[in-house]
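These notebook entries record what I looked up about aromatic rings and the residues around them.

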Amino acid sequence: MTGLTRRSFVGSAVSTLLASFAPASYSEPAPDAICSKRVSLAIPDAQTWKSVYEARWGPLGPQQDWQIISVLGGTDGDYDDSDGVLAWIVQYWVRAWVKMARLTGDRSYMDSCVSFIDAMFAHTDERRIERGEIQESYIREPGYFRGTGVGGPFWKAGGLADVVTNGQIAQGILCFVELVFEDPRRWRRYRALAQRYFEDALTVIDVFDNDWQTVRSKGSYHYRDSEGSGVLGVTSIAFNQAASMMTAQVLVNKLEPSPARIDKIRRLVQLWLDDYMVERPDGTVSWRYIANHPEQTNPEDVGHGSIDIEFLVAAYLTGETALDERHMVALAKTFTSRVYNGHLGLNEFVDGSTEPRFDENWNAAIGWIELARWDPEVFVVAARIYNTSYPPIAPSGVLWSRPMLGWANLISLQAPCS
């Protein structure tokens, strides 16, 4: 594997992990705050969610080939990676199924996860090149496979094997692993799979350490030259891209604590605090898509912002960073008074600016919803937006992986109120 080695994750290490693993999911806000703002949901419970899902995408449980191919967008069995479907569609489905499995204990959700996680690992560059489905043609990748004819143990999108694509995919896989190990008796039958998935996801995450650089008290992943050399450059990648992989690092650290991972988490938070966050007089905050880039000065958009928020909440909950309660309250207020447009929709950018016809309202219950622990009005806003934009009668072109994850989040948050 050109300098990479598979990690073992067995025996006493697993016993120690299971003995110390915290049962609570890092992303769940306090239920009392949600219950105080109870909202009638258009998809009110797990049974309705399952009915809505199966009416459009077929039975949950072990997935048939046609179901997997239809989600991957395969043509004649070939998977086109140019749009990063594993990162931007499949991993959101996996997270939705994990959320519903945690809520219900229904194994059909876990079996759906297994089918698609197996499909993910069957479609790494390494496996696809070995089968002769594609040829190695990297523009950028972190493992020094470029020009060797060999594929890396990760996933490219087009010619790029980048941090954000692989961070997104790894997150979905690790959410499944997290659930198995937080309740090992309930999910006993999945333990061996979870151990293997952890090892393989860790291989992916750790090879991207080659793209990491520290600068004084801060750190981030950096871009590689795309003009032929592949040399690591001095420009740190956009914050959401680093945040995606670093959320995966937080999940790894929960399963296998590591001072080196905490150091990276702490440094990326410091980068956001020092180079990105701008405090506003009204108690909100704004930040750019990418810092210190003279040609890109736009504020962060809410879609990439949802990825930022997932990381910032996860990092805050480690208790190991410079984030404090004041920052989280400001982020919650940013959602309710800047991101929310006041008319059952979202503005496009975190500073409250927008463009005509912007309608990516699914972001209200993904990422941003985690701020409900600091202000339950976040839940109220998200629920009302979803009731309007994503009702159960909506076609599958409107209801897809991200809105269905959003519904799973809303149902799970309100479930303790019953």
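Over the face of which residue does R373 lie? I looked this up in the model, which is predicted, and found R373 over the face of W374, at 5.5 Å from the ring centre.

**Entry on W374.** I next examined the ring partner of W374. Y316 and W374 form an aromatic pair, with 5.4 Å from centre to centre and 80 degrees between the planes. The pair is edge-to-face, because angles over 60 degrees fall in that class. I then located the two residues in the chain: Y316 belongs to helix α12 (residues 302–318), while W374 lies in the loop between α13 (325–339) and α14 (377–389). They are 58 residues apart, and the pair thus links distant parts of the chain. I also checked the accessibility of W374; its relative value is 14%, so W374 counts as buried.

**Entry on aromatic pairs.** Y53 and W57 are both buried.

A cluster linked by ring pairs contains W49, Y53, W57, W93, W97, Y109 and F116. One of its members, Y109, also has a charge over its ring: the charged end of K50 sits 6.0 Å from the ring centre.

**Entry on the nonpolar core.** I asked how many residues the largest nonpolar core has. The figure is 137, and the residues with the most contacts inside this core are W49, W97, F176, W272 and F311. Helix α5 (residues 85–104) supplies the largest share, 12 residues. For F311 I listed the contacts beyond four places in sequence; among them are F239, A243, M246 and T247, and the list also includes V250, I265, L268 and V269.

**Entry on H327.** Is H327 buried or exposed? I found a relative accessibility of 6%, so H327 counts as buried. H327 lies in helix α13. A polar atom of its side chain is 3.0 Å from the backbone nitrogen of D324. Setting aside neighbours within four places in sequence, I found H327 in contact with L273, M277 and A322.

Technical notes: Residues are numbered from 1 along each chain as its sequence is written. This is a predicted model: local features need pLDDT of at least 70, side-chain atom pairs count only at pLDDT 80 or more; totals for chains, interfaces and linings use all residues. Side-chain values use heavy atoms; hydrogens and water are left out. Buried means under 20% relative accessible area, exposed over 50%, partly exposed in between (1.4 Å probe, protein chains only). Rings of Phe, Tyr and Trp (its six-membered ring) pair if their centres lie within 6.5 Å; planes under 30 degrees apart count as stacked, over 60 as edge-to-face and the rest as tilted. Helices (H or I, at least four residues) and strands (E, at least two) are DSSP runs, numbered from the N terminus. A charge sits over a ring if NZ of Lys or CZ of Arg is within 6 Å of the ring centre and within 35 degrees of the ring normal. A polar contact is a pair of N or O atoms within 3.5 Å; within protein, one must be able to donate a hydrogen and the other to accept it, and residues adjacent in sequence count only if both atoms are side-chain atoms. Contact means heavy atoms within 4.5 Å. A nonpolar core is a set of buried Ala, Val, Leu, Ile, Met, Phe, Trp, Tyr and Cys residues joined through side-chain atoms within 4.5 Å.
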